Amino acid sequence: MHEASSAARSENRALLVSAIHLAASGDAAGLRRVYDLTSAKLFGICLRICADREAAEDVLQDVYVKVWRRAASFDDTRASPISWLAMIARNAAVDWRRAEHRYDAIPDEAMAGIADDAPLADALMEGDQERRRLLVCLEDLPSEQSGAIRSAFLQGLTYQQLAERSDTPLGTVKSWIRRGMLRLKDCLGHG
Amino acid sequence: MVDTAEEPNRGALAAELALGLLEGEERAQGLRLCISNPAFAREVEGWSTRLAPLLDTLPPGLPSSRVWNAVAARIGDKPERPSLNRLRAWRAGALTSGAIAAGLALFIVSRPIEPPARIPMAVSQLTGTGEAQVLAISYDPQKGVLRVGAQKTPGDGKGPELWVIPQDGVPRSLGMMTHEGGAMPVDPAMRPLLAADATLAITMEDPTTAPHAAPSGLPVMTGKISII
């Protein structure tokens with residue numbers, strides 16, 4: 001979904017919420033609508049984390065079956081629908097990687113290429129409020145902290161793997177993450 | 001080892017759990033805490049919510065249609081309907097294959113004799129890509145039967161499958177047509193779809209696997225339904 005005016009965004013959000021509610025009521029047409037509205041985005045997440053097209057499609061399939069089963073537990077007062085869906089996709093893709101021990105498949109630039117995950121200036125300008133704040137706060141962190149957080153989140157790396165990949169002692173990586181997360185929380189405001 | 005579960009480190013543990021940094025016993029401990037301590041579980045969820053917008057920065061991708069087909073099968077939905085994107089491509093193709101778009105002349109005929117009362121009847125003239133290919137189809141809503149003219153055989157083992165595309169844009173198969181034409185009964189579930197402004201289309205499909213859930217290629221003929 002491209003960025004649009006905030007009116008269009010809240011309309012999309014309402015559409016998505018009502019589609020999730022429809023799916024929660026057991027109507028497959030609701031899930032189909034959720035799929036049409038979000039499959040490109042969720043597939044992008046699976047593809048990025050699995051780094052394998054076929055596997056990403058298998059994971060995406062599981063994601064929508066999970067959405068179908070969990071739709072009734074979705075609470076739009078606690079999370080935006082797209083964040084809720086994106087996290088289900090992210091976690092499913094990370095689980096797949098762990099089960100497959102696919103860490104060797106991660107390109108070497110995983111740590112070095114973190115800049116690739118950095119948003120374009122446009123995205124920063126047009127992104128919704130939450131995303132903009134998160135990106136600004138991440139940017140404020142020392143680069144090794146934000147880099148470790150991004151790698152852990154976007155690639156599903158564990159402490160051990162982060163340490164190996166960055167050739168850094170485990171304790172150092174842990175303190176990067178913990179300090180980074182603490183500062184991130186402060187920057188974003190508690191809650 | 002790490003002092004994960006101790007009180008001062010709860011906050012860090014929640015973040016680590018949300019990020020998926022932990023393994024083995026540390027992870028198991030964190031998950032147990034999630035179950036026994038709702039406040040901690042909310043904290044983990046809070047981290048997920050905070051970080052989720054980062055996923056917005058990843059470029060989207062287009063999954064193949066097998067994904068939805070498999071999802072639909074697993075949730076017990078009717079088998080596959082084409083994804084919107086594929087459908088858009090299909091319709092765009094149909095509209096740009098020049099002859100079709102240009103030749104979309106509808107023709108309306110009066111119902112021949114008999115009707116005791118005014119009974120609506122749907123008619124469509126389908127215009128094809130080939131030269132001077134025209135096919136008239138009429139529909140008798142009382143009997144639920146389509147009457148189709150004869151057409152040429154392509155001779156590649158494929159046969160013409162007739163589709164109705166209602167306002168939602170999703171093609172539904174009405175079944176394979178015989179080359180010699182004639183009466184074609186319509187499944188009662190499909191009858192309400194045969195309404196004014198719905199589009200009829202014909203694609204060439206493998207008759208041995210018909211009816212299909214979605215067209216496999218561009219239509220060779222399309223036309224709109226008019227009620228007369």
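Author: A disulfide is a pair of cysteine sulfur atoms within 2.5 Å. This is a predicted model, in which local features need pLDDT of at least 70, side-chain atom pairs count only at pLDDT 80 or more, and totals for chains, interfaces and linings use all residues. Residues are numbered from 1 along each chain as its sequence is written, chains are lettered from A and ligands numbered from 1 in the order in which they are written, and side-chain values use heavy atoms, with hydrogens and water left out.

Reader: What makes A:Cys137 and A:Cys187 a disulfide?

Author: Their S to S distance is 1.9 Å, and the cut-off is within 2.5 Å, so the pair qualifies. The structure holds one disulfide over all chains.

Reader: Why is the disulfide of A:Cys137 and A:Cys187 called left-handed?

Author: The torsion about its S-S bond is about -80°, and therefore the disulfide is left-handed. The pair links distant parts of the chain, 50 residues apart: A:Cys137 lies in helix 7 (residues 129-140) of chain A and A:Cys187 in helix 10 (residues 170-188) of chain A. Helices (H or I, at least four residues) are DSSP runs, numbered from the N terminus.

Reader: Why is A:Cys137 called buried?

Author: Buried means under 20% relative accessible area, exposed over 50%, partly exposed in between (1.4 Å probe, protein chains only). A:Cys137 has 5%, so this residue is buried. A:Cys187, at 36%, is therefore partly exposed.

Definitions and conventions. Helices (H or I, at least four residues) and strands (E, at least two) are DSSP runs, numbered from the N terminus.
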